[in-house]
Amino acid sequence: MSNSPLLAPNDPPSGLLSDPSDTDYRRQRLQQIGSYPSPAPIAQNQADDETTALCAVPSGIGYGTLPIVRPRRARTQPSLWIAPRRPTLPSLPITRTGTISVPNSPPAFSTTFTQSTHHRRISQQRPISAYDAQLVNANADAAETDINVRTNGFRVWYSSFTSIDWLHDSIKDSVRFARLRRGKSIRSRVRLVFDKSLGWIIVTAVGFLTAVVAFLVVRAEQWLFDVKQGYCKTALWHARHFCCPLPDEYGSLNGHCPAWRTWSDVFVSWTGSGLGGEDSVVQYLALTVIAIVLASTSSLLTINLTASTSFVTRKESGVLSPDFNKSGEQNAPSSPQPKRGVIYYAAGSGIPEIKTILSGFVIHGYLGGRVLVIKALGLALSVSSGLSLGKEGPFVHIASCIGNIVSRYHTKYENNEAKRREILSAACAAGVAVAFGAPIGGTLFSLEEVSYFFPPKVMWRSFFCAMIAAVTLRFLNPFGTGKVVLFQVTYDKDWHAYELIFFILLGVLGGVYGAYFSKLNYRWSRDVRGGTWLKAHPVAEVILVTLVTTVLCLSSPYARMGGTDLVYNLFSECRTGSKNTHFNLCVLDPSNFDHVWSVVRAILVAMIVKGFLTIITFGIKLPAGIFIPTLGVGACAGRIVGIAVQWLQYHYPNSIVFDVCEGDMDCVVPGLYAMVGAAAALSGVTRTTVSLSVIMFELTDTLTYAVPVMLSVLVAKTVADALEPKGIYDLVIELSQLPYLDAKHEYLWSNLSIKEVTDRDVDVIRVDQHNTVESLRDQLQSLLNAEHDDGGFPILRPGRDEDGLRMVGYIGASELEHALAVVAERATQEVRFHTTYADEELATSYSTWVEEPGQSEDDPFDFSVYMDQAPLMIQSNSPLELLHQFFVKLGARYVIVTDTDGDYEGVIDKKTWLAFLSELEEKS
């Protein structure tokens, strides 16, 4: 056996419904087109011998799964000499030796291999991937549905950062469901009922599993956060508030805990020195070291285990492109650098990427099992390190991973990208539900912020999934308080009309903060994190940010608190006679300015520190959310305003403004102002409105404060939009260059026309020319070298007047690549395309080059099976708004542009349209 890697016998297409072959194998076959010797013809009556290819159709192959390995008869093949013909791909290095050996594989191009045998072998390996396996009807009684399948064409796979074909997947699911309904037997009816119930079963499992993972993350984060300060002597695995349970609220844990032992006490017991105490240098050093270890461990897991280059999949196109290498490395130093850099799937909150995926783009591996494990583990480590970040946003990513994994256990969702996004929308709702204990708010968040396609059926399933998640988490009781979230609070007082002025003020402050936070974080990420040495040393950045965090948090006791603890105590109402002062946040003597100022000063310092740390922390390479830090900053501002109003009431109790209090000196609740300020800040940063308001209602278990929250949220969004049109998630999408089409944005087209965006230089396939396997391979390489891996080829024929060109169909790059890889041995063989008609009387052969008489339907060189024979077309004089709606409302992957006479002019694919919109937005 030689060392040549030219053929991989375990990777070729394994049958009619085979999954995509290995990328290395596909690349090698395409590179070798033109190098295979032509088979020598022999007598037609020769019988098949033991070397004839045997290729049974596999069953049960999922989209992108590994091929079934069949037992083969062991035999030694003779070495095969390859004709020394120079390949036509000079830019692609090929490792070549004089001979190759193909063990345990039939000699596909040996001297005894006949043309009929070759035709039969390729026919049995019909290049239809398992993604569209459901469209291949084994019974010949589905003419009314199969014509739609043949007209729309088959798809093989979707590569990363390419758009899905919403229309194709919709037609595909319609055909599948129609076949289920056609059955009349009891078994068919049971299968139909199960199919209708499958979505509900999956969202139930997703909601339950999301709650379980959230419970584990919360418990791990609580224990790791308290481990920075010490450990429980009675049970090492207990967090502090589980070690010393108290009958009062969680906020009363600022007292002494006999069962809790700090690291400074451990140091004193070992050395006998007097450096003990919670504020000692030893305690601070231990906290700093443990925090750095936790944060750096989270970053190392994220970088080393979830880099985009570490995810190898068969569903990648562009194997002929010079910069393609499934290991992520360049083939040669002279190769051009890829346009997209390495991204780390477990880093950040994941919401911008989820929005991109739900809008119809594919990111392979982003919602896989490896990312789920690392995201959950890394999230617990990063939050417990004390960095200014939260775990609520990443819960959406975790829930989406669970939804993706669970849904792929059935082919209904495994082999339909559009249908799977319905489950992902429901999973996003479950993620918010476990983060805030708000199933209704989670459903609205999925609708308002992340989902792209949200019909009523998806809304019902999303609500059910969120309800299951919230109920399950309630029973698991992660905080030991019976609450789903730690900062769930209730108020006994009502608000008054005069307070609307201060609520509007908080809305303005929240909008200003949200706009400038988004601007500063964007510039920090672009100019500092991405423009300095930190770009090449992400772990060093995490360590530096952790050191800065631990140093600055010494400035205020509230800055040292965990984000969730801080928000809870800022939200809390100070009740008269309660021993719980919520870490001295309750102003015991509002009339004493010195006492009031000391509390306000500590909160103000914490707000400034948290705000600055959030700007430099959000975007580092570890799991990190933005919700809790933003809520903390807004709650600090709201608490300060509430304390100021309380001070004014004590000094001017007889003012006309405070007449509604009727002498009640406790009618001002600073915690209510903190909640309103938190909602305003989060609205200014994320630009959410309805869902955020409902989340706040569910957190407080009442609708009493609906008007204050709604007013502040609307004011904050209005102010933020005026200062910075894009929220933080949209800016992250822009910074990461994610292919996201915003359906909510409105554009000014002015005097622009479709002709200005039409790509007229795209290569085409003309059926009146001699199209061979080799020539199509060269065209495909040119397309991929131009970085149009999400594109394809219009297939054209001359018009009746011979002046213009008419559309025959459209074939995508992935489909052409897959088909060419199967017939790579016959470089000079002509490839054919023909049109399928619903009415046989119309099936006239309008030209000899489109459809050859007597051609077998399973001809492997007839690529019509992959051709979209009815692509979306638009006239060049149509308004741009109509074209925009094609992409937004219909989910078009590409649109063919014709002139007023119906002649072909060019193509506009989705990425071209996105680039045009980006340029249009910059000019405006």
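**Rings, sulfurs and a covered helix**

Modeller: Gladly! Let us start with a sulfur pair: Cys 232 and Cys 243 form a disulfide, with their sulfur atoms 2.0 Å apart; a disulfide here is a pair of cysteine sulfur atoms within 2.5 Å. This is a predicted model, where local features need pLDDT of at least 70, side-chain atom pairs count only at pLDDT 80 or more, and totals for chains, interfaces and linings use all residues. Residues are numbered from 1 along each chain as its sequence is written, and side-chain values use heavy atoms, with hydrogens and water left out.

Colleague: What is the handedness of the disulfide of Cys 232 and Cys 243?

Modeller: Cys 232 is in strand β3 (residues 230-232) and Cys 243 in helix α6 (residues 240-243), 11 residues apart. Helices (H or I, at least four residues) and strands (E, at least two) are DSSP runs, numbered from the N terminus. The torsion about the S-S bond of Cys 232 and Cys 243 is about 80°, so the disulfide is right-handed.

Colleague: How many disulfides does a search of the whole structure find?

Modeller: Besides the pair we began with, a disulfide joins Cys 661 to Cys 667, with S to S at 2.0 Å. Cys 465 has its closest cysteine sulfur in Cys 428, 9.6 Å away, which is too far for a bond. For the whole structure, the number of disulfides found is two.

Colleague: Is Cys 661 buried or exposed?

Modeller: Buried means under 20% relative accessible area, exposed over 50%, and partly exposed in between (1.4 Å probe, protein chains only). The relative accessibility of Cys 661 is 7%, so Cys 661 counts as buried.

Colleague: How are the rings of Tyr 345 and Tyr 366 arranged?

Modeller: Rings of Phe, Tyr and Trp (its six-membered ring) pair if their centres lie within 6.5 Å; planes under 30 degrees apart count as stacked, over 60 as edge-to-face and the rest as tilted. The search of the whole structure gives 19 aromatic pairs. For Tyr 345 and Tyr 366, the centres are 5.2 Å apart and the planes at 70°, so the pair is edge-to-face.

Colleague: Which parts of the chain hold Tyr 345 and Tyr 366?

Modeller: At 2% relative accessibility Tyr 345 counts as buried, and at 1% Tyr 366 counts as buried too. The pair ties together parts 21 residues apart in sequence, because Tyr 345 lies in the loop between α8 (281-305) and α9 (351-358), and Tyr 366 in the loop between α9 and α10 (369-384).

Colleague: Which helices do the buried residues of α22 pack against?

Modeller: In helix α22 (residues 690-700), 10 of the 11 residues are buried, among them Leu 692, Phe 697 and Glu 698. Contact means heavy atoms within 4.5 Å. The buried residues of α22 pack against α13 (417-436), α14 (439-450), α20, α21 (670-686) and α23 (706-723).

Colleague: Where does pLDDT fall below 50?

Modeller: pLDDT is the predictor's confidence in each residue, from 0 to 100. The protein averages 79, and 78% of the residues score at least 70. Where pLDDT is low, the predicted coordinates should not be read in detail. One stretch with pLDDT below 50, which has 148 contacts in the model beyond near neighbours in sequence, is residues 40-115.
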